[in-house]
Amino acid sequence: MKFIIDDIEVIFPYKFLYKEQLEYMQALKQTLDEKGHGILEMPTGTGKTVSLLAFILAYLAQRPNTIKKLIYCTRTVVEMEKTLEEVRLVMKARKAEGLNDNFTAVGLSSRRNLCINPDVVNQKDRVDSECRKRTAEWVKRGQSEICIFYDNFEKSAKDFIANLPNDVYSLSDLRKNGGFSMQCPYYTAREMVKKANIVVYNYLYLIDPGISSLLSKDYIKESVVVFDEAHNIDDVCIEAYTVRLNKPILAEAINNLKVVETQIQSETNEIQNRLNEEYKKLIKNLEKKPEGELNQLVIPGQIRKARNFIDFMKRIIQKHQKHLMLFYIIPKALLKRYKRKGNLDIDSLKQCGERLNLLLNTLQIAETDKFRPLSTVAQFVIRIQRTLNEKLMTLACFDSSLAMKNIFASFQSVILTSGTMSPIDIYPKILDFKPVVAKSIDIELTRNSIQPIIVTMSEDGTELTSEFTFRNNEDVSRNYGNFLLELSENVPDGLIVFMPSYSRMEEWARQWQKDKYLEQISKNKVLLIESKDVNETSQKLQQYRKCCDVGRGAALFSIARGKIAEGIDFEGHYGRCVAVIGFPALNSKDTLILERCKFLEEKFKITKNDFIEFDAMRQTCQCLGRVLRGKQDYGIMIMADKRFAQKSKLSKMPRWIYKQLDQSRCLNITSETAITVVRDFFRQMAQPFKIADNSYFTQDTL
């Protein structure tokens, strides 16, 4: 269908448009028109991604001087591929309307996901190093280990990419094309990113400074950056800027230095010639720069010579070995110690990562994964000098705005979007930016197809809670087990259960095993439990879906902060009920959490309780959102812990979930009453149903 939002003509790839989608596009237009940043919450299952793509592609086509590129960031490869298929759908619809946009869309991922060289890709965790051994600058033509795919890429990449038709190139497309042309898909994608109109890749390609530096030279200011599923973006930022050092890492870093030092001290003419040539290049590069100007290509004198750099890194490691005993240290104080006691200047600290990379190249060391400990030390000192006024605890970053600051400054519009971002007003604080649009979009349902239920007590009136003080209370554990048993008897098809942590799940499972609850649940449904192993969990997901497909039904026990809670859809009969058992709060006694909360209160006036509640509720609502994947879908949302009934928690729910909560019947109820509500709900959902005409637009009504 075709419609106009102000002066932008939008081609939408479906015959009808939800009201929520139109409201979402209007908010997008306001954000782009004002050339600012935005936060948008849109209910899950209402077509957020296709709405965003349909509008931004229309904006790209009609205002090419205002917006020149869309950078779409996802959390997982699965989400990336789904997004690229949505792009393909929108572009196909635009072409069907006679529009020849000449857009190119490409996905970019790691070598592991794109490599097609069988000798490399089968190395699993060593793909990067094996690739480097075959593609590094010093690899001589004709060597037995040369990569034919990379060699072909180098010879004809420019012509090959220039002749590629404007289209959508997913990861599978890139691999297929690479196999046909015998050219490396990874390096092809890296090159295509420079000129593509739509780029889809992982968050870390922008957030992680170690990765983003590979692409930053190709940034275009007139770009729209979208972070999808952005409810946890602050955690991603903090993790990207956190560098962990411990005794084993520092000890291994010393061993790395010994290996490098042995090569430097080698008397072979070849190595000494390479080192001398490297030094000459560094001096020559310095002469080309204006006085006082320093960038990553200008290495300070203190570390310009290889031997001096090795001594410099030794002193850094020795200092860190002493500082591991400190509870926390302010970076500014640590830098003073570096300078006063270690003779370590700031400019050299800034460039030690670049200097290490240059030296490894000069020595032609390909297996860089073995030098990760030394690289970690280098990354730590780089981050230290960038965060002079922020508190670091056990080498951890607490300020998520550090990662986002450059992104907000580098791009015209940055959009954070998700189905569960309430309360929205906390994100501008912790990310330190001013959005021009911050909006939570409601959902319009013909029938109450989602039913939130807050269960606070068992049948006998005992409180249900995962609070630490009740951790060893067997009555609470048994009551939870009995409630899950009743759910397995009354919920058709798929039941997903989220628990606060692996340790809590293991404790409860032991008790439920002892009390025969797991055995009884298994009679009603095939019981599967999420593990920490990603591959094992993926297999269990496949088994779960197969059990639902054949009518046997399945119950999947998961973790609120685990893999299944993020980006896994349980559409239709795969997710008839999601139950969050216990309150998934961070451990408020954990030292890192306490220090982070202190930082947030000092800098942003966000209290410890507010942040802990905010984080627990966003995790909860993300789990609950798995149950609804469309307006014809339906499911139960259960929160089983007395704390969910508190006003402070209710106020942090997305509006589209909160409005469906029948407070007279489904709030602060017993497990017995909840089962009655569950039975009534599924009886109602079994009745014939048609979406109301006034909840969507057609070409004519719009």
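**Strands, rings and helices**

User: Let us start with strand 19. Which residue there is the bridge partner of Val-455?
Analyst: The partner of Val-455 is Ala-640, in strand 19. Please keep in mind that this is a predicted model.

User: How many bridges join strand 14 and strand 19, and in which sense do they pair?
Analyst: Six bridges join them, and the pairing is parallel. Strand 19 covers residues 635-640, while strand 14 covers residues 450-457.

User: What about strand 20, and which residue there stands opposite Met-457?
Analyst: Strand 20 comprises residues 669-670 and also pairs with strand 14 in the parallel sense, over two bridges. Met-457 stands opposite Thr-670.

User: In what order do the strands of this sheet come?
Analyst: Seven strands make up an open sheet with parallel pairing, in the order 16-17-15-18-19-14-20. Strand 16 (526-529) and strand 20 are at the edges and have a single partner strand each, so one side of each lacks a neighbour in the sheet.

User: Is strand 14 enclosed or open, and why?
Analyst: Strand 14 is largely enclosed by the rest of the structure, because seven of its eight residues are buried.

User: New topic: how many aromatic pairs are there?
Analyst: The structure holds 21 aromatic pairs. One of them joins Tyr-203 and Phe-227 edge-to-face, with 5.1 Å from centre to centre and 75° between the planes. Tyr-203 is in the loop between strand 8 (198-202) and helix 10 (204-207), and Phe-227 is in strand 9 (residues 223-228), so the pair ties together parts 24 residues apart in sequence.

User: Are those two buried or exposed?
Analyst: Tyr-203 has 1% relative accessibility and therefore counts as buried. Phe-227, at 0%, counts as buried too.

User: And how are Tyr-544 and Phe-570 arranged?
Analyst: Their ring centres are 5.7 Å apart and their planes stand at 90°, so this pair is edge-to-face. The pair links distant parts of the chain, 26 residues apart: Tyr-544 belongs to helix 24 (residues 534-549), and Phe-570 to the loop between strand 17 (554-559) and strand 18 (577-581). Tyr-544 counts as buried, at 0% relative accessibility, and Phe-570 is buried at 0% as well.

User: Which charged residues lie over rings?
Analyst: Arg-75 lies over the face of Tyr-203, at 5.7 Å from the ring centre. The charged end of Arg-576 sits over the ring of Tyr-634, 3.7 Å from its centre.

User: Moving to helix 7, where does it bend?
Analyst: Helix 7 bends by about 80° at Ser-156. This helix has 15 residues, 148-162, and spans 21 Å from its first C-alpha to its last, close to the 21 Å expected.

User: Which of its residues are buried, and what covers them?
Analyst: The buried residues of helix 7 include Phe-149, Tyr-150, Phe-153 and Phe-160. Among the elements covering them are helix 6 (127-135), helix 8 (171-181) and helix 9 (185-192). Ring pairs also link Tyr-150 and Phe-153 into a cluster with Tyr-186 and Tyr-187.

User: Finally, why is helix 12 described as largely enclosed?
Analyst: Helix 12 (residues 233-241) is largely enclosed by the rest of the structure because seven of its nine residues are buried. Those buried residues are Ile-233, Asp-234, Val-236, Cys-237, Ile-238, Ala-240 and Tyr-241.

Key:
Residues are numbered from 1 along each chain as its sequence is written. This is a predicted model: local features need pLDDT of at least 70, side-chain atom pairs count only at pLDDT 80 or more; totals for chains, interfaces and linings use all residues. Side-chain values use heavy atoms; hydrogens and water are left out. Buried means under 20% relative accessible area, exposed over 50%, partly exposed in between (1.4 Å probe, protein chains only). Helices (H or I, at least four residues) and strands (E, at least two) are DSSP runs, numbered from the N terminus. Two strands pair if DSSP finds at least two bridges between them. Rings of Phe, Tyr and Trp (its six-membered ring) pair if their centres lie within 6.5 Å; planes under 30 degrees apart count as stacked, over 60 as edge-to-face and the rest as tilted. A charge sits over a ring if NZ of Lys or CZ of Arg is within 6 Å of the ring centre and within 35 degrees of the ring normal. The expected span of a helix is 1.5 Å times one less than its number of residues. The bend at a residue is the angle between axes fitted to the seven residues ending there and the seven starting there. Contact means heavy atoms within 4.5 Å.
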